[in-house]
Amino acid sequence: MARKSIRTFRKAIAVASVLSLLGLTACSSPSTTQPEDGNVEIRFSWWGNAGRAELTNKAIKEFEAANPTIKVKPEYGDISGYFDKLATQMAANDAPDVITMGGAYPAEYANRGALLDLSKVGRSLDLSKTDQGALENGQVQGKQYGVSTGANALAIVVNPGVFQAAGVALPDDSTWTWDDFATLASDVTAKSPKGTYGTATVLTHDSLDAFARQRGESLYTQDGQLGLSKETVQDYFDYSVKLSESGAAPTASETVEKLNVSTEQTLMGMGKAGMMLTWSNSLSALSKASGAELKLLRLPGESPTPGIWLQSSQFYTISARSKHTDAAAKLVNFLVNDASAARIIQSDRGVPSNSGMRTAIQDMLTPQGKIEAAYIDQIGKMDFAPTFIGPTGSTAVAEITARINTDVLFKRLSPEKAAEQWISESKAAIGK
């Protein structure tokens, strides 16, 4: 998330808090959670590429046909500006009714009182068929604020065609290490046309979490503290800069240029990368963009201690200030529990967290969708450490990681100084 996004978010929350104290913020009346009579219009926001928009709009039309008194107004755009816009809307008391969120954002907004406790709309939103782990992913302090759109996991997306053209064999993902990853990526770059790299990116904030977990640590502890050592953070930045310096990954300038770009603009999406560390549900979109038959591999370094985990791809949430929470709950219920919606969306937002919906789409999945589902099934059988949602302020930590990593890549900070700064700023961000 960009630095501007964090500033905007904090400013928005501050403004909203002041308005609330002055009694100027419109709050949902008790009647808003009751079934409504007459026609209503609700707004539904999400981020993603044109393919996701097309699928989601088809699902919306199915919902409107089944619920003729409810009109849904879609609001969507690229991830780069999504949370900036949402923060501004929150501050202006103009948030969408149904809001798609990810990562630690449900906890951030729920802790600020901006999201609806979904137990209040239990008549219209049935979560009894949702996997228990997925349910827990959407809970904050024991209350349900988000509904998982589907399961997701970190993976290495691989373009076998790039490997084949370079004359490099694909790795054995049951045994490979991070050193193997770096060596392979450097080899692919060296044997490929200029502009094609062994790995599309250096490291991500999520890979820092995986690094920690493979060492028996964690990004956050259950009580909301940082759970990783300075040594782990330093090794992370050291590895990141070595990928760039060796040519395994793009240069610092190229890496910065590719931050927050659309799927089609990534090196993997352009067919100019052998590997990319990203989320498993990106496979279909990346395959479509690249025109290649891509594959998913497990992360390097998963033996002897797995660093991977299952995570909800995204969450559907409802604004606490929505005037039509019953209608909003019906839309969420349709998206996660209705077979017609599942057959349209399939695995675009992750493998469904409702077993009935997984069954409904099994025979419809594209080859890439089946690969995603099989990967999630494989990960689900692993014995991995628990995952703890980041505390309030943790959304800023992802921005801190990206910014400091950029300073490391441009040699403005050594990995050691970067680790010290990362820990200091991250502790300040979460108030610890």
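**Helix packing, pockets and cavities in the predicted model**

Helices α2 and α12 pack with their axes 10 Å apart and at an angle of about 120 degrees, where axes are lines fitted to C-alpha atoms, for helices over the stretch in contact, and angles run from 0 to 180 degrees between N-to-C directions. That angle makes α2 oblique to α12, given that angles under 35 degrees count as roughly parallel, over 145 as roughly antiparallel, 65 to 115 as roughly perpendicular and the rest as oblique. The model is a predicted one, in which local features need pLDDT of at least 70 and side-chain atom pairs count only at pLDDT 80 or more, while totals for chains, interfaces and linings use all residues. Residues are numbered from 1 along each chain as its sequence is written, and side-chain values use heavy atoms, with hydrogens and water left out. Helices (H or I, at least four residues) and strands (E, at least two) are DSSP runs, numbered from the N terminus.

The crossing of α2 and α12 is right-handed, a crossing being right-handed if the near helix is turned clockwise from the far one by less than a right angle, and left-handed if anticlockwise. On the α2 side the contact (heavy atoms within 4.5 Å) is made by Ala59, Glu62 and Phe63, which meet Ala327, Lys330, Leu331, Phe334 and Leu335 of α12. By class, this contact has 6 nonpolar, no polar and 2 charged residues, with Ala, Val, Leu, Ile, Met, Phe, Trp, Tyr, Cys and Pro counted as nonpolar, Asp, Glu, Lys and Arg as charged, and the others, Gly among them, as polar.

Helices α11 (residues 283-290) and α15 (residues 367-380) pack with their axes 9 Å apart and at an angle of about 150 degrees, which makes α11 roughly antiparallel to α15. Their crossing is right-handed, and it brings Leu283, Ser284 and Ser287 of α11 into contact with Gln368, Gly369, Ile371 and Glu372 of α15. The contact of α11 with α15 has 2 nonpolar, 4 polar and 1 charged residues.

Grid points are joined across faces, edges and corners, and a volume is the space filled by probe spheres set on the points. The second largest pocket holds about 460 Å³, and of its 20 lining residues Leu55, Ser284, Ala285, Lys288 and Asp348 are the closest to its centre. Two or more lining residues come from each of α2 (50-66), α11, α13 and α15, with the largest share, 5 residues, from α2.

The whole structure contains 2 cavities of 30 Å³ or more. The largest has about 170 Å³ of space, and of the 17 residues that line it, Thr149, Leu335, Val336, Pro352 and Ser353 are the closest to its centre. Its lining draws two or more residues from each of β6 (147-148), α12 (325-337) and α13 (339-345), α13 giving the most with 3 residues. The second largest cavity has a volume of about 30 Å³, and α4 (105-111) and β4 (139-140) each supply at least two residues of its lining, which divides into 5 nonpolar, 4 polar and no charged residues.

Key: 1 Å grid on protein atoms, 1.4 Å probe; cavity = no way out; pocket = protein on both sides within 12 Å on 5 of 7 lines; lining within 4 Å.
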